[in-house]
Amino acid sequence: MTICKSCVVLGLVFLSYMLGCVFGVLTNEQAVTYLSQYGYLKPSMKNSNVANIISEEAMVKAIREFQSFFGLNLTGRLDNDTLHLMSKPRCGNQDVGEFVPTRTRRYISHNRKWEINDLTYNIIKYPKQLDKSVIDSEIRRAFDLWSEVTPLRFTHKKSGKVNINIRFEEGKHGDRNSSYTVLSHTFNSKYVSDIYFDGSIKWSVNSKEGTNLFQRVVHELGHSLGLFHSKKESSVMFVIDRGYNPNFTLSSDDVEAIQAIYGSNNKTEKVNLEKDHDVLKNN
């Protein structure tokens, strides 16, 4: 039987393309870039020349740390489960590394703490897919979720200096790589926090289609307020985007973590106590 060489080549190209679509991170070099991006390897390892000479021991250690963070089998190999998870849409902030404190609890806090409770924010750049009023409303809801359990108050300003800048950007601005998807990320400095969302993807509201805007904003606000990534899938600070959840809210870990930084919302607690008292009284 005669086999067309060009057909074989085309078949291999197609197979490679399909695997890339499934796994996102496919080659050893892409895996090194990913692991460097999120703190499992030194940042210098993102250089393609360095990626080719990394020791097997260092690579195995980094892969095992990644697998441990996400609860995978500690094979130390780029197996299907590991590659599949690396391809999932996620936050662009680090999971571990020199900028992330040693984990002593289920959550890590105190990345930063605002010294004031009244904070301002501005939406500098909007995406094209949704009306501005809808985006304003969803972002307001996200801020309110954190306000309910802390003394923090957030005011939307449309001009002037603010504490938190929010923008939707398309294309590269220091966080993207063609082998995996970064939905959003946060940069914190002493006096300002900049939150970036990918303006090229489909953002959605109360729908399983696209990426849920409200849920991603809640996650990034957690970073802005001082929280790191959580290993717990039930936490809003979990790294990977889990898709639309109509019952999405802060987990007990999230509340404990943010209150470890800012304390509780005494007003909300008083209302809840009054409700509990009324329930007991009526019974």
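Student: How many helices and strands are there in the protein?

Tutor: There are nine helices and eight strands in the protein. Helices (H or I, at least four residues) and strands (E, at least two) are DSSP runs, numbered from the N terminus. This is a predicted model, in which local features need pLDDT of at least 70 and side-chain atom pairs count only at pLDDT 80 or more, while totals for chains, interfaces and linings use all residues. Residues are numbered from 1 along each chain as its sequence is written, and side-chain values use heavy atoms, with hydrogens and water left out.

Student: In what order do the six strands of the open sheet stand?

Tutor: Two strands pair if DSSP finds at least two bridges between them. Here the order is β1-β5-β6-β4-β2-β3, with mixed pairing. The edge strands, β1 (90–91) and β3, each pair on one side only.

Student: Which strands run parallel to their partners, and which sense does the pairing of β5 and β6 have?

Tutor: β2 and β3 run parallel and are joined by four bridges; in this pair, Leu 119 stands opposite Phe 154 in β3. β4 and β6 also run parallel, joined by six bridges, and Ile 166 stands opposite Ile 195 in β6. By contrast, β5 and β6 pair in the antiparallel sense over five bridges. A hairpin of four residues joins β5 to β6.

Student: How many residues of β6 are buried?

Tutor: Buried means under 20% relative accessible area, exposed means over 50%, and partly exposed lies in between (1.4 Å probe, protein chains only). In β6, six of its six residues are buried. Ser 193, Ile 195 and Phe 197 lie on one side, with Asp 194, Tyr 196 and Asp 198 on the other, and both faces are covered. For the protein as a whole, 45% of the 283 residues count as buried.

Student: At which residues does UniProt place the feature "binding site"?

Tutor: UniProt positions are given in the numbering used here, feature names are shortened, and annotations may be inferred rather than shown by experiment. The unreviewed UniProt entry places this feature at His 173, Asp 175 and His 185. His 185 is found in strand β5 (residues 182–188) and stands opposite Tyr 196 in β6.

Student: Why does His 185 count as buried?

Tutor: His 185 counts as buried because its relative accessible area is 3%.

Student: How is the span of helix α6 to be read, and against which elements do its buried residues pack?

Tutor: The expected span of a helix is 1.5 Å times one less than its number of residues. Helix α6 (residues 132–147) has 16 residues and reaches 22 Å from its first C-alpha to its last, close to the 22 Å expected. Its buried residues include Ile 135, Ile 139, Phe 143 and Trp 146. Contact means heavy atoms within 4.5 Å. The buried residues of α6 pack against β2 (118–125), β3 (153–156), β4 (164–169), α7 (213–225) and α8 (252–262).

Student: Where is Glu 148, and how many residues separate Glu 148 from Asn 265 in sequence?

Tutor: Glu 148 is in the loop between α6 and β3. Glu 148 and Asn 265 are 117 residues apart in sequence, yet 6.5 Å apart in space, C-alpha to C-alpha. Glu 148 counts as partly exposed because its relative accessibility is 45%.

Student: How many salt bridges does the structure hold?

Tutor: Side chains of opposite charge can pair when their charged atoms come close. A salt bridge is a side-chain nitrogen of Lys or Arg within 4 Å of a carboxyl oxygen of Asp or Glu. The structure holds ten salt bridges. One of them joins the side chains of Asp 95 and Arg 90 (2.7 Å, N to O), and both residues are buried.

Student: Which parts of the chain does the pair of Lys 232 and Asp 253 link?

Tutor: The side chains of Lys 232 and Asp 253 meet in a salt bridge (3.9 Å, N to O). This pair links distant parts of the chain, with Lys 232 in the loop between α7 and α8 and Asp 253 in helix α8, 21 residues apart. Lys 232 counts as partly exposed because its relative accessibility is 34%, whereas Asp 253, at 3%, counts as buried. Elsewhere, salt bridges that share partners join Lys 125, Arg 167 and Glu 169 into one network.
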